Amino acid sequence: MNLLQQAFSHSVPNAIQRFPQSLKLVHWGQSLLYSRNRTIKRWVKQATSTCEGVLLDVGCGDGHYLFQLKKAKAKRVIAMDRNADWLNFLSDFQSKSTIVDGLKVEFRTENLDDDFLAGEKGLDLIFCFSVLPYVKDPGHVFERLSALANPGCTLLVYSPVAFDTILPLYRWMFARFQHYESVQSRKELLSASALTQLALNHGFVLKSAVSTYGFWGKLGHECWSMSTMLLGASSILLRMVGVLSVPITLPMNLVCGFVDRCSETVQGNGWMASFERI
């Protein structure tokens, strides 16, 4: 299993296990290549600047947004995921280095399809980034988060909400090649309005929202994703094609991402929202 195949499966890559500090470089690369990461980080920075209570990261994965909390004012941070490998890695990382200044992140192995974090309550800030399409019942997730949240708790949600594609070759490759979505067994994409209604049904009100991945964002993402699919292929020949394509698709992704950020996205493939528990 090569590096990208390990990433697709949410395994901790061998290189990162050997050199744990390299994870920060991976996070930098993710922010460079994927505009959703930059959008989420801006919202995280704003929300954590005022939160002095209990923070929960739902589906923390490789801890990308936990490392944005280094100077956070929260008195307690809980990170949960169903992937025990990453949680064990992050816990070991924390024992030797610092993730959040002045406190220890509490790592919990939990499944969002279950009654997660039973016995907990009193949350003041919740991150729920790119996890809702991979659960059986998003309504159950909102129900549990509502039960865990204090009145006035901020819930930040990022989710893909559409699969509108531009390039026929990308659609063809997406149906035939291994990639993140195929490995993670995505259940369903809910629209922004459907997600908003689920939140409203469970005691949250929408404060603000933005769409991401408009035309240019989709174009750049599709070009770069085709390269990553080739790089993660089992065939050596296809991997070589992937390597040769990177000098073209990488700068194209960056330029398209910049144009997309400078453009107004009325309806895109991604959606970032802030809710408040009433």
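**Notebook: surface, fold and selected residues of a predicted chain**

I began with the surface, and the chain exposes about 13,400 Å², of which carbon and sulfur atoms supply 56%; these accessible areas come from the Shrake-Rupley method with a 1.4 Å probe, and for residues only the protein chains shown count as cover. I noted that this is a predicted model, in which local features need pLDDT of at least 70 and side-chain atom pairs count only at pLDDT 80 or more, while totals for chains, interfaces and linings use all residues. Residues are numbered from 1 along each chain as its sequence is written, and side-chain values use heavy atoms, with hydrogens and water left out.

**Confidence**

I looked up pLDDT, the predictor's confidence in each residue from 0 to 100, and found a mean of 92 for the chain, with 94% of its residues at 70 or more. Confidence is lowest in helix 1 (residues 3-8), where the mean is 53, and highest in strand 4 (residues 123-129), at 98.

**Overall fold**

I counted 11 helices and seven strands in the chain, taking helices (H or I, at least four residues) and strands (E, at least two) as DSSP runs numbered from the N terminus. The C-alpha atoms fill a box of roughly 55 × 45 × 35 Å along the principal axes. I then checked the radius of gyration, taken over C-alpha atoms, against the globule rule of 2.2 Å times the number of residues to the power 0.38; a compact globule of 278 residues would have a value near 19 Å, and the chain agrees, with 19 Å.

Buried residues make up 51% of the 278 residues, where buried means under 20% relative accessible area, exposed over 50%, and partly exposed in between (1.4 Å probe, protein chains only). For contacts, meaning heavy atoms within 4.5 Å, I took those between residues at least 6 apart in sequence, and 79% of them join residues at least 24 apart.

On charge, I recorded 28 positive and 23 negative side chains, with the centres of the two sets 6 Å apart. Here Lys and Arg count as positive and Asp and Glu as negative, while His and the chain ends are not counted; the place of a charge is NZ of Lys, CZ of Arg, CG of Asp or CD of Glu.

I looked at Leu117, whose phi is near 55°, a positive value in a residue other than glycine. Leu117 sits in the loop between strand 3 (106-109) and strand 4, and it is buried, with a relative accessible area of 1%. Tyr213 is not a glycine either, yet it has a positive phi of about 60°; I located Tyr213 in the loop between strand 6 (204-212) and helix 10 (215-231), where it is buried at 8% relative accessible area.

**Separations in sequence and space**

I placed Ala147 in helix 6 (residues 138-148) and found it exposed, at 52% relative accessibility; Ala147 and His64 are 83 residues apart in sequence and 26 Å apart, C-alpha to C-alpha. Ala175 belongs to helix 7 (residues 168-176) and is exposed at 61%, and C-alpha to C-alpha I read 42 Å between Ala175 and Lys104, which are 71 residues apart in sequence. Val12 lies in the loop between helix 1 and helix 2 (14-18) and counts as buried at 6%, with Leu112 100 residues away in sequence and 21 Å away in space, C-alpha to C-alpha.
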